[in-house]
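Please consult the sequence and the coordinates as you read.

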Amino acid sequence: MTQDTNVEWLFARQRFGVHPGLDRVRELLARLGDPQRQFGAVLVGGTNGKGSTAATLAAMLRADRRRTGLFTSPHLTRLSERFVVDGEEVSSAQVTAALARVRPVSEAVEASFFEVVTALGCVLFAEAGVEIAVMEVGLGGRLDATNALEPRLSVITNVALDHTAILGGTVEQIAAEKAGILRAGRPAVTAAAPAVLPVLEQRGADLWALGRDWTAQTRSLGWQGTAVDVQWPGGAAQVQTPLLGEHGGLNAALAAVAAARLGVFNEAIRQGAAQTRWPGRLEVVPWQGRRVLLDGAHNPAGAQALAQALRPLLAASGRAQLPIIFGAAEDKDLGGVAAELLPLAHGSS
């Protein structure tokens, strides 16, 4: 059985769809020797901004000289992009070799695609001697495979309508699902709107919320990124991030507060923010003397944040519109996304 065959087998499991629940992944991890117990974990959930927040937090922990793993999804071009150790993508050879060991156990417990990938990340991080892993939640939170880990700290970026067929049709229902990654008595941070805080607080976590326990002020640096002044109980920091837009700055601020709660000092927070790289999310790519902007916005809230980030950048260039190419899966709210982006689209009325 070749390594390529194992990867093909893994992606073939996507056809079975999403099967929320923790029993299979817990059994899978147990049969693999519970690799997740060999490192600390941070769970990062939310509707939008999970990846950039997770990447920024991992960079801050790395700057604090902690051997750090970063698990994100989906990948853009390679499976191995999902697994990063101290800022370096785990090699494809290492990933496929580990997958060859994980596959038989996964088949025995009938694990789903994302359950296999989550367990694979845990194996890779344990073998790499990671001290702490920042794990981006896949879908929801309560029944997501990453929630089989026991986090030292949990992060909920925000709550908006997305995946409503699975998570529920109201922000309160979705918030309840995302709150599943919180642990009673353990630290947590969020930038979620005040309206959903009562739902999150039902979990009994030691939750710091934006506007109540910590604050952030952002200032655009144009195409260079965003400056952020962030304050939290007992501390404050001024950081600059290459992440564009007010939401990019807010994600960096959220990561800074999370890092502070993990005992990271301000200099490492500043260094990590400046060193963050997050491809495919408001990423500027030079092309034939121009800029091409790549972004993963796929729901109305994400599209609204994208539009808000673009308007001042376009205005500074003396423009109000630009050519937009958009595609998404058929289960997305295409009309809601289009309503946010069409006013910026060149040729639209």
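What covers the buried residues of α2?

## Basis

This is a predicted model, in which local features need pLDDT of at least 70, side-chain atom pairs count only at pLDDT 80 or more, and totals for chains, interfaces and linings use all residues. Residues are numbered from 1 along each chain as its sequence is written, and side-chain values use heavy atoms, with hydrogens and water left out.

## Helix α2

The cover of the buried residues of α2 includes α4 (92–109) and α5 (113–127), through contacts (heavy atoms within 4.5 Å). Helix α2 spans residues 23–31, and its buried residues are Val 25, Leu 28 and Leu 29; buried means under 20% relative accessible area, with a 1.4 Å probe and protein chains only. These residues cover an arc of only 95° around the axis, which puts them on the same side of α2; the arc is that of the directions from the helix axis to the C-beta atoms. After α2 comes Gly 33, with a positive phi near 90°.

## Helix α7

In helix α7 (residues 171–178), Ile 174, Ala 175, Glu 177 and Lys 178 are buried. Viewed down the axis of α7, they fall within an arc of 160°, so they line one face of the helix.

## Overall fold

The protein chain contains 12 helices and 13 strands, which are DSSP runs (helices H or I, at least four residues; strands E, at least two) numbered from the N terminus. Of its 349 residues, 51% count as buried. Among contacts between residues at least 6 apart in sequence, 65% join residues at least 24 apart. The C-alpha atoms fill a box of roughly 60 × 45 × 40 Å along the principal axes.

Conventions: Buried means under 20% relative accessible area, exposed over 50%, partly exposed in between (1.4 Å probe, protein chains only).
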